Amino acid sequence: MVRGEPGVGKSALLAAAADLAGAAGLRVLRGSGSEFEADVSYSLLNQTLLPLYTEIQRLPPALRDALTVALGFGPGPAPAALLVCNAALALLTTVARKTPVVVIVDDLQWVDRPSAVVLGFIARRVAGSPVGVIAASRTGTEGLLDRRGLAEVTVEPLDTEAAAQLVDVRFPTLPARARQRLLDLAQGNPLALSELPAALDGEAGHRFEESDVDPLSNRLQTIFAARMADLPDPTRLLLLLATFEGSGDLRILRGMTDLVHLAPAERAQLVRVDDSTGRLRFRHPLIQSAIVATSAYEERRQAHLAIAAALPGDPERRTWHLVAATAGPDESVAAELEHASHRLSIRSPEQKGPPESR
Ligand SMILES: Nc1ncnc2c1ncn2[C@@H]1O[C@H](COP(=O)(O)OP(=O)(O)OP(=O)(O)O)[C@@H](O)[C@H]1O
Ligand SMILES: [Mg+2]
């Protein structure tokens with residue numbers, strides 16, 4: 001368990017761990033929780049185990065069927081949680097007999113509950129086997145994973161010397177007084193050290209200094225929010241859609257909006273597009289928090305409705321967004337919710353095969 005405050009460097013460490021593991025010939029499986037994505041059962045497990053789809057088919061039938069249904073790859077009655085736990089563990093240990101496996105999960109605080117249970121189960125049982133689990137979580141935002149019995153590392157802010165080094169590399173021309181002010185305000189937080197210089201002259205910079213009680217992460221979110229104000233409205237709305245939709249898949253976004261509006265956000269370095277996967281990635285989760293915080297209620301409602309309309313083949317997510325867009329009791333949404341829960345417990349036969357990879 002890797003723990004630490006927002007922006008302290010947990011994701012950076014996980015990325016380095018994944019690179020090292022990959023270079024050492026380990027099989028790396030990655031997944032991540034997401035603050036605003038639909039809370040869909042087993043979505044983290046689906047993300048993480050999707051690369052093992054073929055291996056799942058080779059498990060003993062009872063375990064194979066349990067995982068197939070839990071991950072949404074096929075129909076069947078909802079499997080018992082313990083069966084899913086055992087199936088996932090069997091899958092990883094089987095795969096690891098050929099190549100050691102490391103499961104790396106970021107933003108554990110936002111992982112869906114059933115996946116958190118499975119991940120905790122696995123993490124507690126793999127000691128001594130060629131399976132490793134590394135998961136990162138923000139302090140202050142407790143997730144659903146039971147941490148008892150798991151080894152923990154807390155990532156501390158950079159010490160004064162390291163912080164000064166980072167500033168001197170990133171901003172070599174910063175005047176001495178501004179440099180000292182930056183070091184004082186950022187308290188060794190690498191995200192603050194990188195983001196503050198752009199904001200210190202503006203209004204957000206003043207707000208940053210005024211309040212001592214506000215946690216650093218709130219103040220960083222304010223900085224990102226200030227940068228949002230310079231974006232054209234259609235760009236802001238596109239980012240809101242991407243935040244709620246969660247996968248970043250440009251094919252899905254293209255169905256809801258015109259992707260030319262993406263350019264200002266790319267130029268402002270709030271997002272980047274991974275050309276190899278066709279996905280949009282936010283540079284930091286606090287950017288997404290800022291997008292939602294600076295949006296209006298009606299904008300959020302319309303965004304959820306647009307996403308629901310774009311997901312006809314995914315009843316669970318579709319319903320989740322419809323519910324999020326509903327202001328009061330609504331008979332038609334209630335009926336959809338009931339229908340979706342029914343489909344979840346008895347998945348319909350036409351849902352065979354792997355879903356769109358997420
Ligand atoms: N030791 C370091 N030296 C230089 N830059 C760093 C260091 N650690 C992190 N960074 C940079 O600081 C920024 C924030 O780091 P990162 O996104 O890993 O934080 P985090 O702990 O994952 O935050 P959150 O909880 O909000 O997800 C990134 O741009 C990262 O590249
Ligand atoms: Mg992170």
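Predicted model: local features only at pLDDT ≥ 70, side-chain atom pairs only at ≥ 80, totals over all residues.
A nonpolar core here is a set of buried Ala, Val, Leu, Ile, Met, Phe, Trp, Tyr and Cys residues joined through C-beta atoms within 7 Å; a residue is buried if 20 or more other C-beta atoms, placed from the backbone, lie within 10 Å of its own. The core has 42 residues, of which Leu67, Ala88, Leu91 and Leu119 touch the most other members. Helix 5 (81–98) is among the elements that give it two or more residues, as are helix 6 (113–125) and strand 4 (131–138). With seven residues, helix 5 gives the most. Helices are DSSP runs of H or I with at least four residues, strands runs of E with at least two, numbered from the N terminus.

Ala88 touches Leu45, Leu49, Leu67, Val118 and Ile122, residues up to four places away in sequence being left out; contact requires C-beta atoms, placed from the backbone, within 7 Å. A second, separate core of 40 residues includes Val167, Ala186, Leu220 and Phe244.

Turning to the whole chain, the secondary structure comprises 18 helices and seven strands. Buried residues account for 38% of the 358 residues. The C-alpha trace spans about 65 × 50 × 35 Å along its principal axes.

Finally, some conventions. Residues are numbered from 1 along each chain as its sequence is written, while chains are lettered from A and ligands numbered from 1 in the order in which they are written. Local features need pLDDT of at least 70, side-chain atom pairs count only at pLDDT 80 or more, and totals for chains, interfaces and linings use all residues.

Technical notes:
Buried ≥ 20, exposed ≤ 12 C-beta atoms within 10 Å, placed from the backbone. Contact = placed C-beta atoms within 7 Å.
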